[in-house]
Amino acid sequence: MNIKTKKNILAVYTAAAFALGIVFSVWRTILLKQNYDPYDGTFEIGSGDILQTFEYLLLLACLIMITAAFFAGNISFKRLNDSDSGASVYIGVSCGIIFTATAVFSLFYYFDDLFFKTRTNTAVTKICTILAFFLIFFVALYFFMFAMPGYNKKKIKTAFSLFLPLFALTCMISSYFNSDFTYNDFNRITCHISLLSILFFSLSEARLALGRPAYKFNFITSLVCIICIPSYILPVVVLSSFWEMNFTFTLLFEMSQIAFLIYAVASAVTSLKSMTEAKTEKQI
C-alpha cells in the first residue's frame, strides 16, 4: 500500500473522528438535558440503559479508531512546530492561555475549595487535586515554549513535556477517588474516558519530544481525543452556561481539557498533511 493510499484512508478516519465527536457531543447534551437533575446531581430512574448505551458506543468508536493502525503501516510525520511555525505559535499560545486562565480563575473563585474545604472526603483526591493545580502551570509553560521556535530543541522543553501525562494522571486519580460521585455516575465515567484518552495522547507527545516517536500511536490517540474530549466537556459547558448544571470548581478545572482538544485537532491535521513513509525502524 503506497503512502497516498494510506493518507486517503487515514483522512477518512480523521473525518469520521470529527463527525463522531460532534454526534456524541450533541447526543450527550440531550441525554443530560433530559435525564439529569442539577439540584441533587442524580439521573432519572430508568435512564441507566440509554446512558450505558452511550458509554458502550463511545468505547466502540475508540476501538474503531484503533483499527487505523492496520492501514497506517510504517509512517512518520512532522510535528506541528516543525511543519508550520505560524500555526504552532497560534496553537501553543492558545493552549497556554487556556491552562493559565483555568488555574488563575480556579485560584480566584475557588481558593477555599481548592486548599481548605473538604467537600471530597478522601485524602487522595485532595492531594491529587492540589498537585494537578500546580502541574497545570508547568503544562502551560510547555505550550508557551512550544510556541517559541527557539525552544524547539531545548532540553528544558523536552523535560516539560513529561508534565503533560503527569497532569492527566493526577486529574484521573483525583476524579476516580472523588467520593462526591458514585462509581457508576454517567458524568464520572465519561470524564474518565476523556482523561484516559488525554493520558495516552500526552504520553505519545512526550515520546515525540524525547526523540523516541511512536507515530501511529500519536496519530491514533489524537483521533481518540477528538472523539472523547468533546463528548465529555462540551455538553457540561453548554448546559452549565444555561444554568442547566451547576458550575463548580471541578467543572472549571476540567475546562482545561479544551486545550488538549485544540492541540489534538491541530496535531492530527498536521500529521495527516506531512505524513510520509518511514525509512527507519518500525513504529508502534
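Let me begin with the second largest pocket. α2 (48–66), α10 and α11 (215–241) each supply at least two residues of its lining. Helices here are DSSP runs of H or I with at least four residues, strands are runs of E with at least two, and both are numbered from the N terminus. This is a predicted model, where local features need pLDDT of at least 70 and side-chain atom pairs count only at pLDDT 80 or more, while totals for chains, interfaces and linings use all residues. Residues are numbered from 1 along each chain as its sequence is written, and side-chain values use heavy atoms, with hydrogens and water left out.

Now the terms. On a 1 Å grid over the protein atoms alone, a pocket is an open set of points with protein on both sides within 12 Å along at least five of seven lines; a cavity is a set where a 1.4 Å probe fits but cannot get out; and lining residues have an atom within 4 Å of a point. Points are joined across faces, edges and corners, and a volume is the space filled by probe spheres set on them.

The second largest pocket has a volume of about 270 Å³. It is lined by 13 residues, and the closest to its centre are C62, I66, S197, F200 and V224. By class, this lining has eleven nonpolar, two polar and no charged residues. Ala, Val, Leu, Ile, Met, Phe, Trp, Tyr, Cys and Pro count as nonpolar, Asp, Glu, Lys and Arg as charged, and the others, including Gly, as polar.

Next, the cavities. There is one cavity of 30 Å³ or more, and the largest cavity has a volume of about 50 Å³. Its lining includes F77, R79, E205 and Y263. Which element gives the most to that lining? It is α13, with four residues. By class, the lining of the largest cavity has four nonpolar, three polar and three charged residues.

Finally, the whole chain. The protein chain has 13 helices and four strands. Of its 284 residues, 50% are buried, meaning under 20% relative accessible area with a 1.4 Å probe, protein chains only; exposed is over 50%, and partly exposed lies in between.
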